Amino acid sequence: MNAALLRTALVCALIAFWYSLDCNAQSIDDAFLMSGVSLGAPPRDLDSSLLEQDAIDTQNPAIQQSASVAAVNGFTVSPAVRSSVVSFYENVYLPVFSVPMSWTGNAANCNAGSTSQAYIDASFDLINYYRAMVELPPVVNDSSKNASSQEAALMMSVNNSLSHSPPSGWKCYTSTGATAASKSNLALGAAGPRAIDLYIKDPGAGNTAAGHRRWILHPPRSSFGIGSVGGATRDANGLWVFAGTTTRPATDIVAWPPRGFVPYRLVYPRWSFSLNSAPGANFGSASISMHENGVPVVLNIVSSTANGYGDNTLVWEPSGLAITAGQADRAFDIVVSGVSNTGQSTYSYRVTVIDPDMGPPDPPSLFSNGFE
């Protein structure tokens with residue numbers, strides 16, 4: 001077994017211990033898919049009326065940090081430096097999945113309970129991992145929203161369904177939980193860090209707008225509430241995203257996969273692009289070109305005008321990439337053109353997909369005649 005597959009097996013084993021995943025899958029991603037997780041539609045806010053202006057969080061020193069040096073659990077990342085991205089992945093991304101939930105609730109009694117603080121911290125480490133990779137400052141946990149988020153998660157779990165407007169006849173219904181559900185990303189079959197990963201991936205025919213991802217990577221976010229349940233009941237999560245906001249950072253673009261280097265397993269089928277510098281950008285007539293080593297990549301734009309999920313965003317799905325473990329670094333050059341309602345109409349950037357278990361490519365030979 002090569003190093004990449006060994007790492008996948010070890011991490012999958014850790015996740016499986018806590019989440020009952022199938023580790024016969026070829027990757028952590030496959031294991032998630034085989035475990036029956038699901039997302040509904042993301043919460044929508046067309047006029048920003050549901051977002052809060054949170055004066056407290058703007059005083060948090062973490063919010064004031066430069067996005068390029070924002071620390072997550074003591075580690076920082078520079079997305080343009082391969083070794084920095086590898087270290088950040090190994091020291092921040094991978095460890096969060098080994099933290100136990102330790103849920104204290106009881107589904108039979110409709111007790112939403114709570115999770116361990118370590119589990120909450122792990123969830124926010126993962127949120128801030130993704131934000132740092134796109135050069136955004138971190139968010140903090142608004143603990144005043146956690147109890148209601150727990151109630152929302154429990155309702156989704158015991159009713160085995162997802163709804164931003166749960167009916168009062170639902171098992172374990174509470175009005176505070178219903179309020180949280182209306183303002184949250186919701187996941188069923190996934191909780192804590194695993195749910196955060198799912199929101200960024202944003203799979204499903206009803207999620208072509210990548211709305212869950214967009215809320216987590218919304219530049220002015222400053223805080224979220226969170227609730228997770230699981231163990232004796234089906235795993236579920238509510239991430240209260242209509243929470244605190246602050247002033248926008250200096251970051252220009254917000255793309256996933258991000259510009260710079262990115263681990264291969266975080267390159268999901270849907271790619272997205274938005275402009276922090278022009279959140280109201282119009283992508284309705286935009287086009288995308290994507291090349292690898294000068295060869296065009298076939299792609300399909302799946303969303304360009306679905307607004308109300310944070311900043312306006314362009315979403316596309318490349319085809320035929322076959323990104324897997326054990327591959328050498330692969331660079332994709334992306335040009336987004338035809339953007340209106342902005343200061344410029346064309347934007348370009350490069351995404352380099354890496355396997356963290358493989359070293360960087362060899363430098364070019366000093367000699368041009370074939371001898372060294």
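This is a predicted model: local features need pLDDT of at least 70, side-chain atom pairs count only at pLDDT 80 or more; totals for chains, interfaces and linings use all residues.

Where does Asp311 lie? Asp311 is found in a loop, the one that runs between β13 (299–303) and β14 (313–318).

Is Asp311 buried or exposed? Because its relative accessibility is 5%, Asp311 counts as buried; the cut-off for that class is under 20%. Leaving aside neighbours within four places in sequence, Asp311 is in contact with several residues, among them Arg214, His218, Arg248 and Asn276.

Let me turn to the nonpolar core. In soluble globular proteins, nonpolar side chains tend to be buried together. Here, the largest nonpolar core has 96 residues. Tyr93, Tyr129, Tyr130, Trp256 and Phe273 have the most contacts inside this core. Helix α4, residues 117–133, gives the most to the core, with 10 residues. As for Tyr129, its contacts beyond four places in sequence are Val72, Phe88, Tyr89, Val92, Tyr93, Pro263 and Leu266.

Next, helix α7, residues 192–201. This helix is mostly covered, with 10 of its 10 residues buried. The buried residues of α7 include Arg194, Asp197 and Lys201, as well as Ile196 and Leu198. After α7 comes Asp202, which has a positive phi, near 55 degrees.

Finally, a word on confidence. The mean pLDDT of the protein is 85, and 81% of its residues reach 70 or more. Over residues 11–34, however, the pLDDT is below 50, and this stretch has 48 contacts in the model beyond near neighbours in sequence. Residues 52–69 also have pLDDT below 50, with 34 such contacts.

Key: Residues are numbered from 1 along each chain as its sequence is written. Side-chain values use heavy atoms; hydrogens and water are left out. Helices (H or I, at least four residues) and strands (E, at least two) are DSSP runs, numbered from the N terminus. Buried means under 20% relative accessible area, exposed over 50%, partly exposed in between (1.4 Å probe, protein chains only). Contact means heavy atoms within 4.5 Å. A nonpolar core is a set of buried Ala, Val, Leu, Ile, Met, Phe, Trp, Tyr and Cys residues joined through side-chain atoms within 4.5 Å. pLDDT is the predictor's confidence in each residue, from 0 to 100.
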